[in-house]
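The following report describes selected local and secondary-structure features of one model. It is written to be read beside the sequence and the coordinates.

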Amino acid sequence: QPFFNSYTNIIVDTYYVASEFVANFIKKSKFFDIENIIPVGQYRSDYISLYKKKIIPEEISKAKENGKKIIIALGYQTVNNWFESYTQPILNWTAHINFLEDIVKLSRHLNDTFIILRPKSIEWITNTYFKSILNKINDCENIVISNNYKSFYAYKLCANADLIIAKHTSLADECLSHEIPVLFHDYTHNLKKNVSLAFDYSPSGLMCYNFEELLERSKSLLFNNSSKLKNEIAALNKTIYHVKERGNIKNKIILDCMRIIQNG
């Protein structure tokens, strides 16, 4: 959000931010008016630590027992009505199908994987417009659509994944901050770049602008132990996601808020 300069404007006394990198960016920006900027990390990433290798969802444990690599595909939601769809460049029905088609193609090229589709919402599966793509998904033995939308279930999935393929979401950042590999599906059927117009994650190797890039980089991260992309992801923790003191982020924020209140 901080990198969409004209989209997000913050005016507050105290702002807890994701990293030193973000804090320095905000300090130089003319779009923010903040007295105290405190880098703490991404508080929901605490759930990644909590769930990693401790609480393994059933659909993942079964696939891992069969030697499969686990891919979590984090898609966007889509709008309910065709007239709303026409006005949404990223959330329209065709863009949604484009993402799903790529995941189906990926499943056919990566035989030793198990893919769990986890869009932001699941109401679209009752829309007859998506009947054809749903049939394709149901015909794939190595794809399942997650229908468990209990609190933080997505974190349980991602914490135990080998690779995340995502439309841009804060959950992807939280995974990267724990060095869980992420590739961004940063295109639609008629748009080559979306989030990377504001920020390309430096390196841009994480940003995929077509299916060929998505496929080759998925293979590299899943099956190549010396993948250059893995080194780049590790480097992000020394730059973009770096904070001086790690630990329970939520508690850190609460304690600092209490200090502010007590000091009047």
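Lysine 156 lies over the face of tyrosine 51, at 5.4 Å from the ring centre. A charge is taken to sit over a ring if NZ of Lys or CZ of Arg is within 6 Å of the ring centre and within 35 degrees of the ring normal. A further case is arginine 118, whose charged end sits over the ring of tyrosine 149, 3.9 Å from its centre.

The model is predicted: local features need pLDDT of at least 70, side-chain atom pairs count only at pLDDT 80 or more, and totals for chains, interfaces and linings use all residues. Residues are numbered from 1 along each chain as its sequence is written, and side-chain values use heavy atoms, with hydrogens and water left out.

**Aromatic pairs**

A pair of aromatic rings is described by the distance of the centres and the angle of the planes. Rings of Phe, Tyr and Trp (its six-membered ring) pair if their centres lie within 6.5 Å; planes under 30 degrees apart count as stacked, over 60 as edge-to-face and the rest as tilted. By this criterion the whole structure holds 10 aromatic pairs.

Accessibility is classed as buried under 20% relative accessible area, exposed over 50% and partly exposed in between (1.4 Å probe, protein chains only). Tryptophan 124 and phenylalanine 130 are both buried, whereas tryptophan 82, with a relative accessibility of 52%, counts as exposed.

Most residues other than glycine have a negative phi. With a relative accessible area of 43%, glutamate 179 is partly exposed.

**The parallel sheet**

Strands of a sheet pair through backbone hydrogen bonds, either parallel or antiparallel. Here, two strands pair if DSSP finds at least two bridges between them. Six strands form an open sheet in the order E5-E4-E3-E6-E7-E8, and the pairing is parallel. E5 and strand E8 (207-208) are the edge strands, each pairing on one side only.

Strand E3 (residues 69-74) has five of its six residues buried, so the rest of the structure largely encloses this strand. Five bridges join E3 to strand E4 (residues 113-117), and four join E3 to strand E6 (residues 163-166). Isoleucine 72 has isoleucine 116 as its bridge partner in E4 and stands opposite isoleucine 164 in E6. Between E4 and E5 there are three bridges, in the parallel sense, with isoleucine 115 opposite isoleucine 143 in E5.

**Lysine 167**

The loop between E6 and H8 contains lysine 167, which counts as buried at 7% relative accessibility. Contact means heavy atoms within 4.5 Å. Leaving aside neighbours within four places in sequence, lysine 167 is in contact with Leu74, Gly75, Tyr76, Phe99, His185, Tyr187 and Thr188. Lysine 167 and lysine 120 are 47 residues apart in sequence, with a C-alpha to C-alpha separation of 9.9 Å.

**Helix H11**

The 14 residues of helix H11 (residues 249-262) should span 20 Å at 1.5 Å a residue, and the end C-alpha atoms are 20 Å apart, which agrees. The expected span is 1.5 Å times one less than the number of residues. Ile249, Ile253 and Asp256 are buried in H11. These residues cover an arc of only 70 degrees around the axis, which puts them on the same side of H11; the arc is that of the directions from the helix axis to the C-beta atoms. The buried residues of H11 pack against strand E1 (10-17), strand E2 (32-39) and helix H2 (46-51). Exposed residues Leu255, Ile261 and Gln262 are carried on the face turned away from the buried side of H11.

Note on methods. Helices (H or I, at least four residues) and strands (E, at least two) are DSSP runs, numbered from the N terminus.
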